[in-house]
Amino acid sequence: MKTKAALDMDNVILDLHDCWMPRVAAIIGRPISREELWSHNFHHVLQVDRSVIDSTYTVDLYDEALPLAGAVDGVRRLAEEYDIVICSTSPVEFDAVKTAWLERHFPGVALDLRYCRPQERKAKHVSDCAFLLDDYLKNFDGLPPSCRGIVYDQPWNRMDAFYPRAANWEAFLAMVGIPVAIS
Ligand SMILES: [Mg+2]
């Protein structure tokens, strides 16, 4: 059995914000740039009611969302060295679309899917893994020393200077001992 490696899904494997930002922009009446989202509290940053954010997070986002650059080759390469756990947080009604998205983009790759509910700590689902790659800093809360938190760089997590940070998939693979150029 290989060592287990945990990956978040949204904004680590797939680019949810590319689909989500135009929806919010249409409601608030101005374009949104990824760079202005300096905190994960998106409604505070954009100065809108939380319900605006929630109303745009719907299952059909996963019909549109594309993989992040390097993620498809990166997950495949990682799977050669590690047993991959995908741990994603969302309400239960998202499970089917997320599973379908992963099957579309990673056919034949063994993925251990562990869905986490919004009120749960992600740490309890990934404590048997050697690391967790995630863009949401709160998901590192409660990780045991045996599970290293690695930040997938996004504008909303740049206030953190504690966890190691991967600028992209190629950098992440190098950090976990897979120094390879991916297309
Ligand atoms: Mg995420």
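Student: Which residues point one way from strand β4, residues 131-134, and which the other way?

Tutor: F131 and L133 point one way from β4, while L132 and D134 point the other way. All are buried. Keep in mind that this is a predicted model.

Student: What makes β4 and β5 count as paired strands?

Tutor: Pairing needs at least two bridges, and four bridges join β4 to β5, so the two strands pair. They run parallel. One link to look for is D134, whose bridge partner in β5 is V151.

Student: How do you know that β1 pairs with β4?

Tutor: Two bridges join β1, residues 4-7, to β4, and at least two are needed, so this pair qualifies as well. These strands also run parallel. Here A6 has L132 in β4 as its bridge partner.

Student: And what joins β5 to β6?

Tutor: Two bridges join β5, residues 148-152, to β6, and the two strands run parallel. V151 stands opposite R165 in β6.

Student: In what order do the six strands form the sheet?

Tutor: The order is β3-β2-β1-β4-β5-β6, in an open sheet with parallel pairing.

Student: Why are β3 and β6 called edge strands?

Tutor: Each of them pairs on one side only: β3 covers 111-116 and β6 covers 165-166.

Student: Why does Y82 count as buried?

Tutor: Y82 has 20 C-beta neighbours inside 10 Å. The cut-off is 20 or more, so Y82 meets it and is called buried. Y82 lies in the loop between α5 and β2. Leaving out residues up to four places away in sequence, Y82 touches K2, T3, K4 and A5.

Student: Why is D10 called buried?

Tutor: D10 has 23 other C-beta atoms within 10 Å, and 20 or more are required, so D10 is buried. D10 lies in the loop between β1 and α1. Beyond four places in sequence, D10 touches L16 and S88.

Student: Why are the buried residues of α5 said to be on the same side?

Tutor: In α5, residues 71-81, the buried ones include A71, G74, V75 and L78. They cover an arc of only 95° around the axis, which puts them on the same side of α5. The buried residues of this helix pack against β1, β2 and α8.

Student: Which residues have the most contacts inside the largest nonpolar core?

Tutor: That core has 37 residues, and those with the most contacts inside it are A5, A6, L7, I13, L132 and L133. Both domain 1 and domain 2 contribute at least three residues each to this core.

Student: Where does the domain assignment place domain 1 and domain 2?

Tutor: Domain 1 is 4-15 + 67-175, and domain 2 is 17-63. Ten residues from domain 1 and ten residues from domain 2 take part in the contact. On the side of domain 1 that touches domain 2, there are six nonpolar residues, one polar and three charged.

Student: What separates the centres of domain 1 and domain 2?

Tutor: Taken over C-alpha atoms, 21 Å separate the two centres.

How values were computed: Residues numbered from 1 in each chain as written. Predicted model: local features only at pLDDT ≥ 70, side-chain atom pairs only at ≥ 80, totals over all residues. Buried ≥ 20, exposed ≤ 12 C-beta atoms within 10 Å, placed from the backbone. Domains from an automatic or database assignment. Contact = placed C-beta atoms within 7 Å. Nonpolar A, V, L, I, M, F, W, Y, C, P; charged D, E, K, R; others polar. Core = buried A, V, L, I, M, F, W, Y, C linked by C-beta atoms within 7 Å. Arc of directions from axis to C-beta.
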